[in-house]
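Subject: Structure handover

Hi,

Here is the structure for you to look through. My notes follow below it.

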Amino acid sequence: MLYKVEGIVIKTVPYGESNTIITLYTKELGKIGVMARGAKKPKSRFTSITQLFTYGIFVFQKGRGLGTLQQGEALSSFRKIREDLVKTAYAAYLAELLDRHTSEDDLRPDLFGWIKQSLEYINHGIDPEVITFLFEMKMMKTSGIVPELTKCVSCHSAEGDFSFSIREGGFLCERCSYKDPYRIKISKGSAKLLNMFYHLDLARLGNVSLKKETKKELRMIFDAYMDEYSGVFLKSKKFLKQLDELS
Ligand SMILES: [Zn+2]
């Protein structure tokens with residue numbers, strides 16, 4: 001059967017001497033793997049369409065196995081991401097995160113919207129660290145591992161000074177703080193931001209500007225929490241950390 005889909009290349013793997021297997025996240029079919037025959041040959045008509053992050057229209061033939069790319073038209077290549085090592089590193093992390101937290105059988109048009117919008121924001125110069133927090137939050141919701149960030153995980157009080165408990169899975173108020181001696185102390189500002197990130201619709205993101213220390217605090221919480229619950233190791237994450245240590 002012949003399919004025509006709108007999608008974004010979230011992974012590319014060389015196959016044999018001249019082929020590339022691309023993983024697309026599409027609006028119509030969710031995640032799907034497609035073989036682009038001859039894509040690695042010089043002058044192949046698939047060269048640009050099979051680059052990581054390319055957003056476009058893809059036409060492929062598919063029976064039982066892997067689909068075969070017939071045609072492609074790039075609508076955006078997110079040029080400013082490609083030209084910038086840091087932006088590329090963040091975008092690669094989002095793409096890998098999406099790939100590792102989804103399977104080919106579930107159809108999630110909202111996730112297509114999220115990856116497309118996230119790449120657009122990064123391409124337009126919005127802070128990739130902020131986009132990454134939001135995207136990670138969305139992935140945690142998708143996988144059913146999102147922490148409680150609206151109230152105390154134990155007594156459900158929505159008021160007070162919260163700390164963050166990895167073990168209990170979210171905010172703990174002062175009265176319940178004894179439940180986790182390893183809870184992470186967080187500032188009121190960070191607690192507010194976590195709550196905001198939890199509720200925020202990506203399409204309505206304004207110009208969020210965060211202080212370096214705030215981002216550091218949030219990053220520590222997200223990393224510790226995801227290490228504990230997500231159960232996946234991402235190569236792109238390791239690279240991001242190395243970049244961070246250099247800066
Ligand atoms: Zn409590």
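The largest pocket holds about 640 Å³ of space. Bear in mind that this is a predicted model. In that pocket, 21 residues form the lining, and those closest to the centre are Tyr90, Glu129, Arg219, Asp244 and Ser247. By class, the lining has 11 charged residues, 8 nonpolar and 2 polar.

The second largest pocket has a volume of about 330 Å³. Its lining is made of 20 residues. Nearest its centre are Gly160, Asp161, Phe162, Lys188 and Ala191. Strand S7 and helix H5 (188-199) each supply at least two lining residues. H5 gives the most, with 4 residues. The classes here are 7 nonpolar, 6 polar and 7 charged.

Next, the metal site. Which residues hold the zinc ion as protein donors? They are Cys152, Cys155, Cys173 and Cys176, each through SG, lying 2.3 Å from the ion. The site is tetrahedral, with angles of 106 to 115° among the 4 donor atoms. For reference, the ideal angle for four tetrahedral donors is 109.5 degrees. Along the sequence, the donors follow the spacing C-x2-C-x17-C-x2-C. Cys152 sits in the loop between helix H4 (128-142) and strand S6 (163-165), while Cys176 sits in the loop between strand S7 (170-172) and strand S8 (184-185), so this pair ties together parts that are 24 residues apart in sequence. Are these two cysteines, Cys152 and Cys176, buried or exposed? Both Cys152 and Cys176 are buried.

S1 (residues 2-15) pairs with S2 (residues 19-26) in the antiparallel sense, over 8 bridges. Thr12 has Ile22 of S2 as its bridge partner. The hairpin of S1 and S2 has 3 residues between the strands, and Gly16 there takes a positive phi near 65°. S1 also pairs with S4 (residues 55-61), again antiparallel, over 7 bridges. On that side, Tyr3 is bridged to Phe60 of S4.

Best wishes

Notes. Residues are numbered from 1 along each chain as its sequence is written. This is a predicted model: local features need pLDDT of at least 70, side-chain atom pairs count only at pLDDT 80 or more; totals for chains, interfaces and linings use all residues. Side-chain values use heavy atoms; hydrogens and water are left out. Donors are N, O and S atoms within 2.8 Å of the metal (3.2 Å for Na, K and Ca); water is not among the atoms, so sites may look incomplete. Four donors count as tetrahedral if all angles lie between 85 and 135 degrees; four count as square planar and six as octahedral if opposite donors are over 155 degrees apart and all others between 65 and 115; anything else is irregular. Buried means under 20% relative accessible area, exposed over 50%, partly exposed in between (1.4 Å probe, protein chains only). On a 1 Å grid over the protein atoms alone, a cavity is a set of points where a 1.4 Å probe fits but cannot get out, and a pocket is an open set with protein on both sides within 12 Å along at least five of seven lines; lining residues have an atom within 4 Å of a point. Grid points are joined across faces, edges and corners, and a volume is the space filled by probe spheres set on the points. Ala, Val, Leu, Ile, Met, Phe, Trp, Tyr, Cys and Pro count as nonpolar, Asp, Glu, Lys and Arg as charged, and the others, Gly among them, as polar. Two strands pair if DSSP finds at least two bridges between them.
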